[in-house]
Amino acid sequence: MRVLIRQETEEDHELTEKIIKKAFENEELSDHQEHLLVERLRASEAFIPELSLVALHDEQDIVGHILLSNIKIVDGDHVTDSLALAPVSVLPDYQNHGIGSQLIQVALTKAEELGFASVIVLGHPAYYPRFGFQRASRWGIQAPFDVPDDAFMALELLENSLAEFSGVVQYDATFG
């Protein structure tokens, strides 16, 4: 299956939101509002256009999307910039073909090229470690809400970028 990954454009927004909605409609751990989160994030200061990517099947039809947005890790007066990986969406008919993995790999590479040092994800503990994610608690990083420790993960894009930091992740207000 040929897949091209490129930056999302404004013209893609409506279709991308439909794809996100469809991708999560049968997920039992979803609030089914991911498409609205993406819409709000695009209008926020947390949005980084270069890290909103789409996957095109046969270089034509959009079948997936990923978004990384700005977040902070806060420990008292000490604040560290990071990224949140959320959401990753692939149309159900195209899932389990490696498209989500390709989106994640390209997004992480792009984030590193842009100079970002770390990424945080709340996700499936059996899926994200293949990309290098580890429990965020390893670095003393906590979610701002109650989540299973093994599902809240971090990745250092820059070696030892989290070694000196700990604290609570502060998501943009658009996360709700």
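Guide: This is a predicted model, where local features need pLDDT of at least 70, side-chain atom pairs count only at pLDDT 80 or more, and totals for chains, interfaces and linings use all residues. Residues are numbered from 1 along each chain as its sequence is written, and side-chain values use heavy atoms, without hydrogens and water.

Visitor: Is Phe-145 buried, partly exposed or exposed?

Guide: Buried means under 20% relative accessible area, exposed over 50%, and partly exposed in between (1.4 Å probe, protein chains only). Phe-145 has 40% relative accessibility, so Phe-145 counts as partly exposed.

Visitor: Where is Phe-145 found?

Guide: Helices (H or I, at least four residues) and strands (E, at least two) are DSSP runs, numbered from the N terminus. The C-alpha atoms of Phe-145 and Val-168 are separated by 9.4 Å, at 23 residues apart along the chain. Phe-145 itself is in the loop between strand S7 (141-142) and strand S8 (152-156).

Visitor: Which element gives the largest share of the lining of the largest pocket?

Guide: A pocket is an open set of points on a 1 Å grid over the protein atoms alone, where a 1.4 Å probe fits, with protein on both sides within 12 Å along at least five of seven lines; lining residues have an atom within 4 Å of a point. The largest pocket has 44 lining residues, with Phe-24, Glu-34, Pro-87, Leu-122 and Gly-123 nearest its centre. Elements giving two or more residues to this lining include helix H1 (13-24), helix H2 (34-42) and strand S4 (78-90). The largest share, seven residues, comes from S4.

Visitor: How much space lies in the second largest pocket?

Guide: Its lining includes Glu-45, Lys-72, Asp-81 and Asp-172. Strand S3 (residues 61-75) gives the largest share of that lining, three residues. A volume is the space filled by probe spheres set on the grid points, joined across faces, edges and corners. For the second largest pocket this is about 160 Å³.

Visitor: How far apart are the end C-alpha atoms of H1?

Guide: The expected span is 1.5 Å times one less than the number of residues. For the twelve residues of H1 that should be 16 Å, and the end C-alpha atoms agree, at 17 Å apart.

Visitor: Within what arc do the buried residues of H1 fall?

Guide: Thr-16, Glu-17, Ile-19, Ile-20, Ala-23 and Phe-24 are buried in H1. The arc is that of the directions from the helix axis to the C-beta atoms. The buried residues line one face of H1, because they fall within an arc of 160°.
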